Amino acid sequence: LQYTIHSDLGRIVQAVGREFEKHPPMVVNETPSTPQHQHHGQQHHHHQPRNGNEFASEARNIASPQTQEQQDPFGLQNLTTEELTRLDIDEDVREQFIEKLPFVQHQNEEMEQLMNRIESLALDNVARREALEERKRKLEALALEFKQLGQHWDINSQRYQRKAEDFSPQHIKELLQIAVSTADAKSDDEAQRFLCGDSDVASFLQNFIETRKLYTMRKAKEERLVQQLNALERAAF
C-alpha cells in the first residue's frame, strides 16, 4: 500500500483493517519451561515464560532496519495486541494513528507549504492588480490609437492609389491620345465650317492654325512618351 498526497484516508484505513483480517498478529501462548540441569554443579532454576510480543520483539531485533521498514511501513509490529485491537475497533484511534505516520506527516507538511505558496501568490496578484489595471488602460488607449492610424492609412493609401493611376505612364498616354483626337476633330470641324461658308477667311485661319498647332504639340508628346515606354519595356522595367 502506497500513500501519497492524493490518497483516500478512508481507503487506507479499510486496507489496514483487511490486512488484520487476512493476517492476524501471531500470539504465542505462555508455557512454563522445564527446569534445566546446569553443568559444573550449578543449581537448577526455571526459565521465565515469554509471550508473543517478546518473540516478535526478538524477531524485529534480528531484522535489519531497512527490511523492517519495507515489510512494516505503518509500524504495526511495534504495537501490542491491545493497541492493535483498539486500532481495529476505534475509528478515532485509527485516524490519530494514521495522522502520526511519518510519511503522512511529511505529506501534510508538503501540502501546507504548497498552500502557503498559493496564498502568497494570491496576495502578490492582488497587490499587483492596480498596476495591471493601469497597464490594461494604456493598452486599450494604444489599441484605439492604432485603429485610428490604420483608418487614416487606409484613406491615404486609397488616395495614393488613385494618384498613382492618374499619373501612370500608360494613363498619361491614353489621355494624350484622347487630346490628340480631340484637337484633330476640332481642326476638321473648323475646315468643314469654312467650306460650308459658316466662317470667313480670317476666322478660319486663326482657329484652324491654333487647333492644328495644339494637335501637333499633343501628337509629338504622345509619340515621345510611346518611345520612352517602349525603351523601358526593352530594358525589362
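Biologist: What does lysine 219 count as, going by its relative accessibility?
Modeller: Lysine 219 counts as partly exposed, at 30% relative accessibility. Buried means under 20% relative accessible area, exposed over 50%, and partly exposed in between (1.4 Å probe, protein chains only). This is a predicted model, where local features need pLDDT of at least 70 and side-chain atom pairs count only at pLDDT 80 or more, while totals for chains, interfaces and linings use all residues. Residues are numbered from 1 along each chain as its sequence is written, and side-chain values use heavy atoms, with hydrogens and water left out.

Biologist: Which residue forms a salt bridge with lysine 219?
Modeller: That's glutamate 222, with the closest N and O atoms 3.8 Å apart. A salt bridge here is a side-chain nitrogen of Lys or Arg within 4 Å of a carboxyl oxygen of Asp or Glu. Glutamate 222 is buried, with a relative accessible area of 10%.

Biologist: How many salt bridges does the count come to?
Modeller: Five salt bridges. One of them joins glutamate 190 and arginine 193, at 3.8 Å from N to O. Glutamate 190 is buried at 9% relative accessibility, while arginine 193 is partly exposed at 39%. Another pairs arginine 137 with glutamate 134, their closest N and O atoms being 2.4 Å apart. Those two sit three residues apart in helix α7 (residues 129–166).

Biologist: OK, then what is lysine 173 in contact with?
Modeller: Leaving aside neighbours within four places in sequence, lysine 173 touches Leu225, Val226 and Leu229. Contact means heavy atoms within 4.5 Å. Lysine 173 itself is found in helix α8.

Biologist: Switching topic: how many aromatic pairs does a search of the whole structure find?
Modeller: Two. Rings of Phe, Tyr and Trp (its six-membered ring) pair if their centres lie within 6.5 Å, and planes under 30 degrees apart count as stacked, over 60 as edge-to-face and the rest as tilted. Phenylalanine 194 and phenylalanine 204 have ring centres 4.3 Å apart and planes at 20°, so they're stacked. Phenylalanine 194 is in helix α8 (residues 169–195) and phenylalanine 204 in helix α9 (residues 201–234), so the pair ties together parts ten residues apart in sequence.

Biologist: What about phenylalanine 208, which partner does it stack with?
Modeller: Phenylalanine 204, at 5.2 Å centre to centre and 25° between the planes. Phe194, Phe204 and Phe208 form one aromatic cluster. Phenylalanine 204 is buried at 13%, while phenylalanine 208 is partly exposed at 25%.

Biologist: Zooming out, how many helices and strands does the protein chain have?
Modeller: Nine helices and zero strands. Buried residues make up 15% of the 237 residues in the protein chain.

Notes
Helix = DSSP H or I, 4+ residues; strand = E, 2+ residues; numbered from the N terminus.
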